[in-house]
Amino acid sequence: MAKVIYVGSAGDEYAVEAAVGDTVMGAAVRNGVPGIVAECGGNCSCATCHVWVDPQFADRTGPVQEMEEDLLDMAVSERRATSRLACQIRITEELDGLTVEIPPEQP
Ligand code: FES
């Protein structure tokens with residue numbers, strides 16, 4: 001398990017014990033974290049699971065693939081250097097303590 005902390009746009013925090021192998025999106029949805037819409041169910045085709053990853057974890061979340069890259073450009077909220085689609089981040093032990101911010105708007 002790895003702890004993932006989701007921070008909402010109003011500063012509200014949700015700490016979730018996520019299973020290794022799950023995704024940051026999946027753990028959020030399963031635990032009722034608001035703001036991760038995940039319209040496509042994790043198929044990397046909607047961008048409604050956009051998050052901003054805490055910079056100190058950015059090098060542990062794996063590379064951004066081409067499809068994700070394109071979708072991030074279409075995300076409604078500002079794209080930042082640490083923008084990711086939560087469905088494309090796989091939970092590992094190394095990510096224990098991962099903090100992600102949920103943008104105020106999803107498409
Ligand atoms: S859930 Fe649709 S792109 Fe992540």
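Leaving aside its neighbours within four places in sequence, which residues is Gly42 in contact with? Gly42 is in contact with Met25, Cys87 and Gln88, where contact means heavy atoms within 4.5 Å. The structure is a predicted model, in which local features need pLDDT of at least 70 and side-chain atom pairs count only at pLDDT 80 or more, while totals for chains, interfaces and linings use all residues. Residues are numbered from 1 along each chain as its sequence is written, and side-chain values use heavy atoms, with hydrogens and water left out.

- An open sheet of 5 strands has mixed pairing and the order 2-1-5-3-4; strands (E, at least two residues) and helices (H or I, at least four) are DSSP runs numbered from the N terminus, and two strands pair if DSSP finds at least two bridges between them.
- Strand 2 and strand 4 (83-85) each have a single partner strand and stand at the edges, so one side of each is left without a neighbour in the sheet.
- Direction ignored, neighbouring strands of this sheet are turned by 35 degrees against each other on average, the axes being lines fitted to C-alpha atoms, for helices over the stretch in contact, with angles that run from 0 to 180 degrees between N-to-C directions.
- Strand 1 and strand 5 run parallel and are joined by 4 bridges, and Val7 stands opposite Glu101 in strand 5.
- Helix 2 lies across strand 3 and strand 4, and runs at about 115 degrees to strand 4.

**The nonpolar core**

- The largest nonpolar core has 29 residues, of which Tyr6, Val24, Ile36, Leu85 and Leu98 touch the most other members; such a core is a set of buried Ala, Val, Leu, Ile, Met, Phe, Trp, Tyr and Cys residues joined through side-chain atoms within 4.5 Å.
- At least two residues of this core are supplied by each of strand 1 (2-7), strand 2 (13-18), helix 1 (24-30), strand 3 (50-53), helix 2 (66-74) and strand 5 (98-101), and the largest share, 4 residues, comes from helix 1.
- In soluble globular proteins, nonpolar side chains tend to be buried together.
- Apart from its neighbours within four places in sequence, Tyr6 is in contact with Asp12, Glu13, Tyr14, Val16, Val24, Ala27, Ala28, Val33, Val100 and Ile102.

**Val51 in strand 3**

- Val51 lies in strand 3 and counts as buried because its relative accessibility is 0%, buried meaning under 20% relative accessible area, exposed over 50%, and partly exposed in between (1.4 Å probe, protein chains only).
- Once its neighbours within four places in sequence are left aside, Val51 is in contact with Ile36, Thr82, Ser83, Arg84, Ala86, Val100, Glu101 and Pro103.
- The C-alpha atoms of Val51 and Arg80 are separated by 9.5 Å, the two residues being 29 residues apart along the chain.

**The loop between helix 1 and strand 3**

- Gly42 is found in the loop between helix 1 and strand 3 and, with a relative accessible area of 25%, is partly exposed.
- Gly42 and Gln88 are 46 residues apart along the chain, and their C-alpha atoms are separated by 7.6 Å.
- Ala38 has its place in the loop between helix 1 and strand 3, is buried with a relative accessible area of 12%, and has a phi near 55 degrees, a positive value in a residue other than glycine.
- Cys44 likewise has its place in the loop between helix 1 and strand 3; Cys44 is buried, with a relative accessible area of 7%, and has a positive phi of about 55 degrees although it is not a glycine.
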